Amino acid sequence: MRWWDIEPVLELEQELFPEDAWSAGMFWSELAHARGPHATRHYVVAETVAETVSGSGSDAGAGRIVGYAGLAAAGDLADVQTIAAARDQWGTGLGARLLTDLLRAATAFEAAEVLLEVRVDNTRAQKLYERFGFEPIGFRRAYYQPGNVDALVMRLSDPALSVPADGPVQGETHG
């Protein structure tokens, strides 16, 4: 994810998380720590492939951002900050590809474990995390505001064991 991705990411963020969407400032702050030799963040977006108008050779438009994800690392601990896929991408494996990318980044950051918070009412995401080996370890009461929705805290020990060792993450990403 780069600065020019923030506006379309915010549109998707607002659509998916209208009550507790991140602000532009939050994304800017995260991206400020995602580059350089002392980077502690990893953010990625997923885009559709731009279509070419048949016979004309011209682009029908740039690819649309359909997902994004971010990870923070400190010492031997990493934390999934955000992960989202557009509703029309649900069931396509995009969430798994984004999570795979984050776990590879956690491994590159030499994280021994990865934590995340997920809304207690988001069973779709919980099932994804469980498939990757995340286990519930507790709750954060009223974590998501303003709706006072609890968060389930999940942990994955040794992220390097949860992702394929070879090959790129499938799908269109840049970051």
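User: What should I know before reading the values?

Analyst: This is a predicted model, in which local features need pLDDT of at least 70, side-chain atom pairs count only at pLDDT 80 or more, and totals for chains, interfaces and linings use all residues. Residues are numbered from 1 along each chain as its sequence is written, and side-chain values use heavy atoms, with hydrogens and water left out.

User: In what order do the elements of the chain run from the N terminus?

Analyst: Helices (H or I, at least four residues) and strands (E, at least two) are DSSP runs, numbered from the N terminus. The chain has 4 helices and 7 strands. Their order is α-α-β-β-β-α-β-α-β-β-β.

User: What percentage of the residues of the chain count as buried?

Analyst: Buried means under 20% relative accessible area, exposed over 50%, and partly exposed in between (1.4 Å probe, protein chains only). The chain has 175 residues, and the buried share is 39%.

User: What share of the contacts with a separation of 6 or more comes from residues 24 or more positions apart?

Analyst: A contact means heavy atoms within 4.5 Å. Among contacts in the chain with a separation of 6 or more, residues 24 or more positions apart account for 61%.

User: What distance does helix α3 reach from its first C-alpha to its last?

Analyst: Helix α3 covers residues 94–108, 15 residues in total. The expected span is 1.5 Å times one less than the number of residues. For α3 that expectation is 21 Å, and the model is close to it, at 21 Å.

User: Which elements do the buried residues of α3 pack against?

Analyst: The buried set in α3 includes Leu94, Leu98, Leu102 and Ala106. The packing partners are β1 (41–47), β2 (65–74), β3 (77–85), β4 (113–119), α4 (123–131) and β6 (149–157).

User: Is Gln81 buried, partly exposed or exposed?

Analyst: Gln81 lies in strand β3. Beyond four places in sequence, Gln81 touches Trp22, Glu30, Tyr43, Gly70, Leu71 and Ala72. Because its relative accessibility is 28%, Gln81 counts as partly exposed.

User: Which side chain makes a polar contact with the side chain of Gln81?

Analyst: A polar contact is a pair of N or O atoms within 3.5 Å; within protein, one must be able to donate a hydrogen and the other to accept it, and residues adjacent in sequence count only if both atoms are side-chain atoms. For the side chain of Gln81, a pair at 2.8 Å meets this, and the partner is Asp79.

User: Which residues are linked with Arg119 in a network of salt bridges?

Analyst: A salt bridge is a side-chain nitrogen of Lys or Arg within 4 Å of a carboxyl oxygen of Asp or Glu. Arg119 pairs with Asp20, with closest N and O atoms 3.3 Å apart; that pair links strand β4 to the loop between α1 and α2 (24–31), 99 residues apart. Arg119 also pairs with Asp121 at 3.0 Å. The residues linked with Arg119 in the network are Asp20 and Asp121.

User: Are Arg119 and Asp20 buried or exposed?

Analyst: The structure holds 8 salt bridges. Another of them joins Arg141 and Asp150 (2.9 Å, N to O), and there Arg141 is exposed, with a relative accessible area of 61%. Arg119 and Asp20, by contrast, are both buried.

User: Which residues are joined by a cis peptide bond?

Analyst: The loop between β5 (135–144) and β6 contains Pro146. Omega is about 15° for the cis bond that joins Gln145 and Pro146.

User: What is the phi of Glu110?

Analyst: Glu110 lies in the loop between α3 and β4. Because its relative accessibility is 66%, Glu110 counts as exposed. Glu110 is not a glycine, yet its phi is positive, at about 65°.

User: Where is Asn148 found?

Analyst: Asn148 is a residue other than glycine with a positive phi, near 55°. Its place is the loop between β5 and β6.
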